[in-house]
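User: Could you take a close look at the salt bridges in this one and walk me through where they sit?

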Amino acid sequence: MNSPITGKLMAIHTEVQALNFCMEDFTVKQRFYLCEDSGEYFTSTQLDELNLSLVYNSYRAKHHGHLSIVDSMCLMWTMW
């Protein structure tokens, strides 16, 4: 992906972050593009979907793959 600021090609970086999902914090490796010149972070639709799936998979692992009705609604709200 090219930087919208400089037009230069950006590499994908990872960073461990705690993200809140369905009122719980999960630590995952977030992926993003970093513009080396400006220091700005960017994502694409594909990276957003990957990052969300990492949080969702962490949730499923913690709760043995089960989603309550409330958690299902939380997931639907997150996707909008």
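Analyst: A salt bridge here means a side-chain nitrogen of Lys or Arg within 4 Å of a carboxyl oxygen of Asp or Glu. Keep in mind that this is a predicted model. With that cut-off, searching the whole structure turns up 2 salt bridges.

Let's start with K8 and D37, whose closest N and O atoms are 2.9 Å apart, so the pair falls within the 4 Å limit. This pair ties together distant parts of the chain: K8 lies in the segment before strand 1 (11–21), while D37 is in the loop between strand 2 (24–34) and strand 3 (41–42), 29 residues apart. K8 itself is partly exposed, at a relative accessible area of 47%.

Now for the other one: E24 pairs with K62, at 2.6 Å from N to O. Again, distant parts of the chain are linked, with E24 in strand 2 and K62 in helix 1 (residues 45–62), 38 residues apart. K62 is partly exposed, with a relative accessible area of 48%.

As for the setting, the chain has 2 helices and 3 strands, and they run β-β-β-α-α from the N terminus. Of its 80 residues, 25% count as buried. Looking at contacts between residues at least 6 apart in sequence, 38% join residues at least 24 apart. The chain exposes about 5,700 Å², with carbon and sulfur atoms supplying 57% of that.

Conventions:
Residues numbered from 1 in each chain as written. Predicted model: local features only at pLDDT ≥ 70, side-chain atom pairs only at ≥ 80, totals over all residues. Heavy atoms only, no water. Helix = DSSP H or I, 4+ residues; strand = E, 2+ residues; numbered from the N terminus. Buried < 20%, exposed > 50% of the residue type's maximum accessible area, 1.4 Å probe, protein only. Contact = heavy atoms within 4.5 Å. Areas by Shrake-Rupley, 256 points an atom, 1.4 Å probe, with all protein chains shown as cover.
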